[in-house]
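Here is a short briefing on a two-chain model. Look over the sequence and the structure first, then read the points below.

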Amino acid sequence: MKRIVIFAVFVFLLGFTSNSFSQYDFDLNDLEGNSVKLSELNKTGPVFVQFWATWCVPCKEEMKVLNELWGKYKDSGFVFVAVTIDDQKSLSKVKPYIESKSYKFPVLFDTDKNVFSSFGGQDPPFSVFIDRNGNIFKTYSGYMQGDDAKLDKEIKEALAIGKK
Amino acid sequence: MRRNSGAVSLFFVVLFFASITAYAQPKLNVRVSASNLLRYGTGVENSVTEDVNKKYFEELLDARLFVNEFMAGVRYEYDDPIEFGKSVKGISQRFLEFKKDDFTVRAGNYYEVFASGLTLNSFESRPIGWNTMFDGGKINYKSSFGKKGSVKFNGTIVAGGMDFTDINDTARTETYSIRAANFSISPVKYFSLGGSYLYTEGKLPTGTLITDITAEIFEGNFSANYKGFNLLLSYANKVTINQPNAIFTQSKAPRGDGAYGSLSYTREGFGITLDYKNYRFNVTTPDQRSATDPFKSLPFQNAPSAIKVYSSTLLSRFPHNVDFNDEVGWQVDVFYSPTPKLTLNANASLTSRHYDYFDADTTILTRYERIDRSAFLPSVKNEFSPYWELYFEAEYYANKDLKTKLGVSRKTNILYSIVNPAASDIIRTFTVPLEVQYTFKKIYGIKVNAEFQQAYNSLRSGEQHFWSQLTTLSVSRSPNIIVSGTAEFTNDEEDPSGKKYWIKGEVVYKFTSANTVILSYGSERGGIQCSSGICRYVNPFNGFRLTIMNNFN
């Protein structure tokens, strides 16, 4: 009976949910120790938040593609931020990897995976695309070859949302 | 779940009324995020002695409800049975969190990391059945103050309990209650200071007897960064006191400690990291080493392993099981991109126990004494059970559609037997992984992974040298489908599965960008799997697997 009640409560709540930006805003440190808020990044435009780790091969392939797309669309307001979920064993390799690839987008630390979990992340690569209005536009789980064409198209769609 | 179901019921009653309030007040913001994981497998598992039917069913629903500053989370788990670890049927996690300005308060289940994890690093790894989740509460305060917010402070207080299931014996459960605090302060941008303290009371079973312990851990850390240089130093000291019982007739209070340091330098196109570890949480004589020793490092202590983590199959096959009680070592990792198309990665590491021992008893009895030495650096001598590896990798993008990656690895892992040195477990491997991937017509992809490994295993009674070869071919069509086949061959006469080849097919279908079905059928070789330096043996498996992953935001 208890299980049914719990299930009913969640189904009941799913019916009137709304994407409120304040509920998934985060404040994480970047590679230099500066605090970075999602709500601040979102003032520029749609934000693509990629959760990755140094040991995750498809994450790094996706990151390369997203870096190219960021170079292509950043002047239009597209924001790309990479949030690492590396834990203590590989944390020290994050900055050397990013610098060696000459990446310039913001890289943030979510060592305890709190932000990752709050979006329902299971395994990296996992990404959340937030539009200019602060709503979740798309959620991505996994990455496969050729996804760059789809990402390119969806960035264009996100840039069109809420454009003044 | 550790606490009784009454608390859970109360929690949901509060949650329910909060949701009613949400209806009444339209200004309240409500959001739900959820993820679901379903795993099913049926087949035959090849253990060392016999083949046994293996079937598992795991269903995990994680849901989070956000109501203004409140977040409530619940995990419903139904294992019938779980693949590894202890099966759960019911709610296995629940929490309520309140976040306002600089404060975060959580009641219920949580994981936590303090600094480098020498004091506290609790986490879950389902592939090896590891879970060090606490049930209790935590408070975090994070603030910036001073001129332009240049001074930063972060402090956390936690309390709670944990039932820890031993991954090697799921019938054995250690029980802990903890109280702990952690802080870090950064007075200027270039450096920060921190510290943590943990007190725990534990009940550790050995057979039918329980040993009661209390332990305290003090930790201090320092980090600095300046012009591309980053330095991190962390040191922890632990004392464990046992209550006398039939096994330990006297109370003892041995001390142990651990240190971790990392120094990195980066500039555009280049990055180098030097890691150093010195873990001495329970340095004992060889005959006293035991996974159930009450003076060992605690299961929620998990410091950096300082060894390379691999993603390819054969490179991961003979991993090193980190001993947080007695291990000293270093690792150097270098990334260099001379051109945007080429990235080079080199890695070297060496790890060993601190001391060698000798039998000081002149009778038929045995009494080990250690041979003292300056133990700040690892040794490559067999008596120290060394592990070392060298790895080099080159990744080259010929153009946007063609990528190749070639690696070379050499590893040696020795588990020394002081009783019979000739029976020491010595494994040496030489591995070459190659990956080629090509994308065509923008959305189609072909990927080939080929790995070749030559191995030497001293414990083989027959031929000690053998080779293994693994090839995976994947064909994909973005954004929906990947079809792959894997074939592995070996000439090892003594593989635990008794087989010489393993063939598996897999289909991944994404019905939306965040909802995936994975089907696989065939045989898997098994072996030792590790997570954060903690390892377990996974039996070879032959059969069908289904995984469904969903995310709803």
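In which loop of chain B is B:Pro81 found? B:Pro81 sits in the loop between β3 (70–79) and β4 (89–100) of chain B. This is a predicted model.

**Cis peptide bonds**

- The bond from B:Asp80 to B:Pro81 is cis, with omega near -5°.
- A cis peptide bond also joins A:Pro124 and A:Pro125, where omega is about 0°.
- A:Pro125 belongs to the loop between α5 (114–118) and β6 (126–130) of chain A.

- B:Ala115 is not a glycine, although its phi is positive, at about 45°.
- The loop that holds B:Ala115 runs between β5 (103–110) and β6 (124–125) of chain B.
- Is B:Ala115 buried or exposed? B:Ala115 is buried, because 24 other C-beta atoms lie within 10 Å, and the cut-off for buried is 20 or more.
- B:Ala306 is another residue other than glycine with a positive phi, near 55°.
- B:Ala306 lies in the loop between β15 (270–280) and β16 (327–339) of chain B.
- B:Ala306 has 30 other C-beta atoms within 10 Å, so it counts as buried.

**Paired strands in chain B**

- Strand β2 (residues 51–67) of chain B runs antiparallel to β3(B), and 10 bridges join them.
- B:Phe66 has B:Met71 in β3(B) as its bridge partner.
- β2(B) and β3(B) make a hairpin with 2 residues between them. In the turn, B:Asn68 has a positive phi of about 50°.
- β3(B) also runs antiparallel to β4(B), through 9 bridges.
- Opposite B:Ala72 stands B:Leu96 in β4(B).
- The cis bond at B:Pro81 falls in the loop between β3 and β4 of chain B.

**Chain A overall**

- Chain A has 6 helices and 7 strands.
- Along the sequence, the pattern of chain A is α-β-β-α-β-α-β-α-β-α-β-β-α.
- Chain A has 164 residues, and 48% of them count as buried.
- Among contacts in chain A with a separation of 6 or more, 73% link residues 24 or more positions apart.

**Helix α6 of chain A**

- Helix α6 (residues 147–160) of chain A has 14 residues, which at 1.5 Å a residue should span 20 Å. Its end C-alpha atoms are 20 Å apart, so the two values agree.
- The buried residues of α6(A) are A:Asp147, A:Asp148, A:Leu151, A:Glu154, A:Ile155 and A:Ala158.
- Why do they fall on the same side of α6(A)? They cover an arc of only 125° around the axis, which puts them on the same side.
- An α-helix has 3.6 residues a turn, so residues three or four places apart point the same way.
- The exposed residues A:Lys153, A:Lys156 and A:Ala160 are on the face of α6(A) turned away from its buried side.
- The cover over the buried residues of α6(A) includes α3 (57–73), β6 and β7 (136–141) of chain A.
- After α6(A) comes A:Gly162, with a positive phi near 70°.

**Nonpolar cores**

- The largest nonpolar core has 41 residues. Which of them touch the most other members? They are A:Phe48, A:Trp52 and A:Val83.
- Setting aside neighbours within four places in sequence, A:Phe48 is in contact with A:Leu66, A:Val79, A:Phe80, A:Ser127 and A:Phe129.
- A second, separate core has 30 residues, including B:Met133, B:Ala180, B:Ile217 and B:Phe281.

**Contact between the chains**

- 72 residues of chain B are in contact with 50 residues of chain A.
- Strand β1 (residues 30–46) of chain B gives the largest share of the chain B side, 7 residues.
- The chain B side has 27 nonpolar, 33 polar and 12 charged residues.

**An exposed loop residue in chain B**

- B:Thr249 is placed in the loop between β13 (229–242) and β14 (255–267) of chain B.
- B:Thr249 is exposed, because 7 other C-beta atoms lie within 10 Å, and the cut-off for exposed is 12 or fewer.
- From B:Thr249 to B:Lys441 the C-alpha distance is 74 Å, with the two 192 residues apart in sequence.

Key
Residues are numbered from 1 along each chain as its sequence is written. Chains are lettered from A and ligands numbered from 1 in the order in which they are written. This is a predicted model: local features need pLDDT of at least 70, side-chain atom pairs count only at pLDDT 80 or more; totals for chains, interfaces and linings use all residues. Helices (H or I, at least four residues) and strands (E, at least two) are DSSP runs, numbered from the N terminus. A nonpolar core is a set of buried Ala, Val, Leu, Ile, Met, Phe, Trp, Tyr and Cys residues joined through C-beta atoms within 7 Å. Two residues are in contact if their C-beta atoms, placed from the backbone, lie within 7 Å. Ala, Val, Leu, Ile, Met, Phe, Trp, Tyr, Cys and Pro count as nonpolar, Asp, Glu, Lys and Arg as charged, and the others, Gly among them, as polar. Two strands pair if DSSP finds at least two bridges between them. The expected span of a helix is 1.5 Å times one less than its number of residues. The arc is that of the directions from the helix axis to the C-beta atoms.
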